[in-house]
There are 2 protein chains.
Amino acid sequence: MKSREDTDPRLHQIGARLRELRVAAGYSSYETFAFEHELPRVTYGKHEKGSNITMKSLLRILDIHRISLADFFAGVKA
Amino acid sequence: MKSREDTDPRLHQIGARLRELRVAAGYSSYETFAFEHELPRVTYGKHEKGSNITMKSLLRILDIHRISLADFFAGVKA
C-alpha cells in the first residue's frame with residue numbers, strides 16, 4: 001500500500017501551481033496534457049497532487065509551460 | 001561507474017545557490033554543514049554539485065537556512 005501522499009503543504013502548493021499552469025494552457029484533463037507532452041501519465045497526476053517531485057521532472061514541465069523556476073515559485077506562497 | 005553529473009545548467013545553478021547559502025551561513029566545509037544539520041554528507045555534497053535533488057530534500061535545506069522557495073529561486077537565474 002503506497003504511503004499517504006506526502007503531507008508537506010508546500011508540496012501540495014507546488015502541485016496546485018502545476019495544475020493552475022496546466023489549466024491555463026487549456027487542458028481540462030491532466031491525462032491529455034501528460035499524453036500530448038510525452039509525460040508519464042500516472043506520475044504526472046501524482047505531481048499535481050503534491051508528490052515529492054524531482055528537480056529534473058519539474059524543469060521538464062516548466063519547459064513545456066515556458067516558465068522559469070523564479071517565476072514558477074514566485075506563484076507559490078511557501 | 002556513476003553516470004556523469006546531470007548536465008542541465010539549471011541544476012548546477014541550484015547547487016551553486018545551495019553552496020552560496022551554506023558559505024553565507026559561515027560553513028567553509030559542506031561536510032561540517034551536513035553533519036551539524038543531520039543531512040547525509042555524501043548526498044548533500046552531490047546536491048551542491050547539481051544532482052537531481054528532490055523537492056523534499058530541497059525544502060529540508062531551505063528550512064535550515066530559513067528561506068522560502070520563492071526567495072531561493074529568485075536568486076537562481078534560470
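A salt bridge (a side-chain nitrogen of Lys or Arg within 4 Å of a carboxyl oxygen of Asp or Glu) joins A:R10 to B:D63 in this predicted model, with 2.7 Å between the closest N and O atoms. Two salt bridges are counted between chain B and chain A. The side of chain B that touches chain A draws at least two residues from each of α1 (9-24), α4 (55-65) and α5 (69-74), helices being DSSP runs of H or I of at least four residues, numbered from the N terminus. Of these, α4(B) gives the largest share, five residues.

In total, 20 residues of chain B are in contact (heavy atoms within 4.5 Å) with 20 residues of chain A. The two chains bury about 1,700 Å² between them, 66% of it on carbon and sulfur atoms; buried area is the accessible area (1.4 Å probe) lost by two parts on being put together, summed over both. B:R10, B:M55 and B:F73 supply 31% of the area that chain B buries against chain A, more than any other three residues.

The same surface serves both copies, as 100% of the contact residues of chain B recur in chain A.

Residues are numbered from 1 along each chain as its sequence is written, and chains are lettered from A and ligands numbered from 1 in the order in which they are written. Local features need pLDDT of at least 70, side-chain atom pairs count only at pLDDT 80 or more, and totals for chains, interfaces and linings use all residues, while side-chain values use heavy atoms, with hydrogens and water left out.
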